[in-house]
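Come along and check each entry with me.

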Amino acid sequence: MALRKKLCESSNFNGKLMYTFSRYFSSNKMDLRKLKPMIQKRIQDRAKDYPVPGMIPVAQEVLNSRRLIMQGVSTLLKVLPVMACKFCPEVYIGEKGHLIQTCCGFKHRDKNRVHEWITGGLNDVLAPVEAFHLKHMFKDVIKHHQRFDFERVPAVVELCWQAGANDENRYSNWNPESDCFSVDGAESLPSDELLMIASGTLRAWEILRNGVEKLLTVYPAKVCNHCSEVHIGPSGHKARLSWQGTHFWRKANVDDLMPPKIVWRRRLQDPHVLLNEGRGFYGHAPAVVELCTQAGAVAPLKYHCLMKLQGVATLRNQSLYHPKDQM
């Protein structure tokens, strides 16, 4: 009898508990239905806070700096040679490519191969990153079937437009060649004028990256974790452009919108052609920085550690790589 009484009390308690939970969840469901219009209205009202007035000068400065970089790099490319690998994104600033075996092959089918070099161009130094152009930042999410209804523009330009920067191309079709013109007769320019162009380009590069970093603290931007697709806005789109189909979005940073494109660099103490055996001694630099420094500009201090300016020469350390030959 005592056991039967305990079982009855336990069943009554469980029944009351389930009834309480059912009432709780049903009431919350009704509350969410009431809150949904309020949430939607709040999202729509949020657009009224943008663009932020204090960030408009920053966006305009970033847009102007990008134009200076495009023009400066286009001019320097007529004087300084740039080599690009035929099968991978590797770039080298110099007359001949290096012999460092870092080529991954076509579609990453191989690894640790010697690069096959061809003449590079502007897109090899400044990697293009595009995004969908939205007239309003808080526009509805772009569906896959709507992907051709939106224009594709550079991600940095889209960020500046959403931040309130004025540009003649904002309300017309984007012309990718509008900022790519170079100085006429660049091949015959004296060294001091080339130095001035390189210094201005390098200064614009730093202004652009610092400005984009400031804008990203105010304006949301997303990048796919599986590919390099970038979306400027509070949420990503649903256009299936990734190799895995659906994008997996995360918060974007400066390197996602403006890739630095790190390249190997040859120092005065290095051999004329960089060898694979000395890859542990050679320095690196962003492609724009390396291009400007070869034209005479002085690199900022923050790049000196990466560039290994005071590093030892490879030929003095051959014993580290071929100890048997020294015996």
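**Entry 1: two helices**

I looked up helix α5 (residues 191–216) and helix α7 (residues 287–294), and their axes come within 9 Å and cross at roughly 160°. That makes α5 roughly antiparallel to α7, a label for angles over 145 degrees. Axes here are lines fitted to C-alpha atoms, for helices over the stretch in contact, with angles from 0 to 180 degrees between N-to-C directions. Helices are DSSP runs of H or I with at least four residues, strands are E runs of at least two, and both are numbered from the N terminus.

Before going on, I noted that this is a predicted model, where local features need pLDDT of at least 70, side-chain atom pairs count only at pLDDT 80 or more, and totals for chains, interfaces and linings use all residues. Residues are numbered from 1 along each chain as its sequence is written, and side-chain values use heavy atoms, leaving out hydrogens and water.

Which residues of α5 and α7 make the contact? I found Ala198, Thr201, Leu202 and Trp205 on α5, and Val288, Val289 and Cys292 on α7 (contact means heavy atoms within 4.5 Å).

**Entry 2**

β1 pairs with strand β2 (residues 91–93) in the antiparallel sense over three bridges; pairing needs at least two bridges found by DSSP. The two form a hairpin with five residues between them, and Ala84 stands opposite Val91 in β2.

I also saw β1 pair with strand β3 (residues 117–119), antiparallel over three bridges. There, Cys85 has Trp117 as its bridge partner.

Notes. Angles under 35 degrees count as roughly parallel, over 145 as roughly antiparallel, 65 to 115 as roughly perpendicular and the rest as oblique.
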